[in-house]
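Reader: I'd like to learn how to read a fold from its coordinates. Could you walk me through one?

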Amino acid sequence: MHSPQHSSELPGPKGLPILGNLLQIDLPKLHLILEEWANRYGDMYRFKLVNKAVVVIGNPELVQQILRDRPQTFRRGGSIEQISRELGTHGVFAAEGEQWRRQRALTMQAFKPEPLRRFFPTLRVITERLQSRWSHIAETGNPLAVDKDWMRFTVDVTTQFAFGYDINLLENENADFQRHLESHLPGLNRWANAPFPYWRYFKLPSDRAMEKSLAIIKETINGFVRQTRERLEQQPELAGQPANFLETLLLARDEDGARLSDEEILGNVFTILIAGEDTTAHTLSWLLHLLCEHPDVQRKLQQEADTALGDHTLPPELGILENMPYLEAVAQETLRLKNVAPILFLEPNQEVELNGVTIPQGTLLMLLNRYNALQDANFSAARQFKPDRWLDANPASCPHNRSAFTPFGAGPRFCPGRSLAMLEIKMAIAMLAKNFTVIPVDTGQPVRELFSFTMMPENLNVRFKKR
């Protein structure tokens, strides 16, 4: 019987003394570098960032196993929890153990089907504003850096869902608030992947700017918390049917009858605001990019929208979205090819053995969350954009390995906001397909993948043409 191999014996790129592989890492291209190394060294390899040992895992079964074994055996990378505590944004995303279980049970109440059904009319109003904005832009013929509009749309949706507050960036373009939100994830990405916590000793101008923006976001959230508390005290009848995420958090009690603390409420509202804006907006941007590259898919999507919506310019009721299978397939295929969370950062709570390899407690694990969905062994013609694969996926005739498809994670910590994100995506794209044709704009630079905790498109500009 062979003794287990130690993780330090795994193959991987050669590094330098002391620095390890630090100089080979370009943070905005981190996911691409790790995926390329997986092609070269296999679906489990190691590298080093100064004194930090890293094990990269791309095997789909192992990724699923690790995600299922949270939070008992594995947890998020410890730096993420430490940083969120330092910043005062510690919510369900970064929480671990019993604290995570308690917060997860309470926050999930807001994402049940009934609250989402009640939210649909509000989502429709926001989508109508986006349609009106794009109609005006289409008349001018001007190109549009569409990611900014998707950010406005998702912030409007998330603030309405989270607070019941109509910030209305689509019509007012309050760029300051949007700018403060956009500054957070790049800063978190920089801190989480730093070889040591340099910011505790000196701060870069970008770090100071992030902290200033964070203070403004927190002040805004705390204002909403105060207003909502006062309203619930003045109208106790609202307790029977919370109208938004914040009301749900303020009213929720755990099995022992305890409420969430002020810090937990702030952390979880902050989490949904940041995560709801960023990941959904980038997914929508990638979807438009893929429609520009595949006009045949865009035409087929338009035909489905014409049939489903009839004389309406956007879906009048939730049931219409549930009967647009090609729209669902386009969304799924976008999530497969352009997973905006291509890397997950975890670590084992104790020494573990994975596929005959011993991994010490606390070793940073980088799970390749997109890599497997791009392999022909898991999906036929894996690098091609083929939405039809989701409508008639016959494993006997073509590979279609759903265990290799984890855009929202898997296991107990599966993304709680998945249903809201998919509702936003389908609502916005149904409106787009019914009313506009999206046309690519040549900027002289290719559209590139840029990693900044989430993966976004760079150099994406489009034009809208009214149908």
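**Reading the fold, step by step**

Author: With 467 residues, a compact globule would have a radius of gyration near 23 Å, and the protein comes out at 22 Å, which agrees. Keep in mind that this is a predicted model. Along the principal axes, the C-alpha atoms fill a box of roughly 70 × 55 × 45 Å.

Reader: What share of the residues of the protein count as buried?

Author: The figure is 55% of the 467 residues. As for contacts with a separation of 6 or more, 72% of them join residues 24 or more positions apart.

Reader: And how many helices and strands does the protein have?

Author: There are 16 helices and 12 strands.

Reader: Is helix 6 enclosed or exposed?

Author: Largely enclosed by the rest of the structure, because 16 of its 18 residues are buried.

Reader: Now a pair. How do I describe two packed helices?

Author: You give the angle between their axes and the distance between the axes. Here, helix 12 (residues 262–293) packs against helix 16 (residues 418–435) at about 35°, with axes 10 Å apart. Their crossing is right-handed.

Reader: Which residues make that contact?

Author: Helix 12 brings T280, T283, L284, L287, L288 and L291, while helix 16 brings A421, E424, I425, A428, I429 and L432. Sorted by class, that's nine nonpolar, two polar and one charged.

Reader: One last stop: a single side chain. Is R75 buried or exposed?

Author: Buried, because its relative accessibility is 17% and the cut-off for buried is under 20%. R75 sits in strand 4 (residues 74–76).

Reader: What is R75 in contact with, leaving aside its neighbours within four places in sequence?

Author: The partners are E81, E96, F345, L346, E347 and N349. For a sense of distance, take L273: 198 residues along the chain from R75, with 23 Å between their C-alpha atoms.

Terms used:
Residues numbered from 1 in each chain as written. Predicted model: local features only at pLDDT ≥ 70, side-chain atom pairs only at ≥ 80, totals over all residues. Heavy atoms only, no water. Axes fitted to C-alpha atoms, helices over the stretch in contact; angles between N-to-C directions. Helix = DSSP H or I, 4+ residues; strand = E, 2+ residues; numbered from the N terminus. Left-handed = near helix turned anticlockwise from the far one by under 90°. Contact = heavy atoms within 4.5 Å. Nonpolar A, V, L, I, M, F, W, Y, C, P; charged D, E, K, R; others polar. Buried < 20%, exposed > 50% of the residue type's maximum accessible area, 1.4 Å probe, protein only. Rg over C-alpha atoms; globule rule 2.2 N^0.38 Å.
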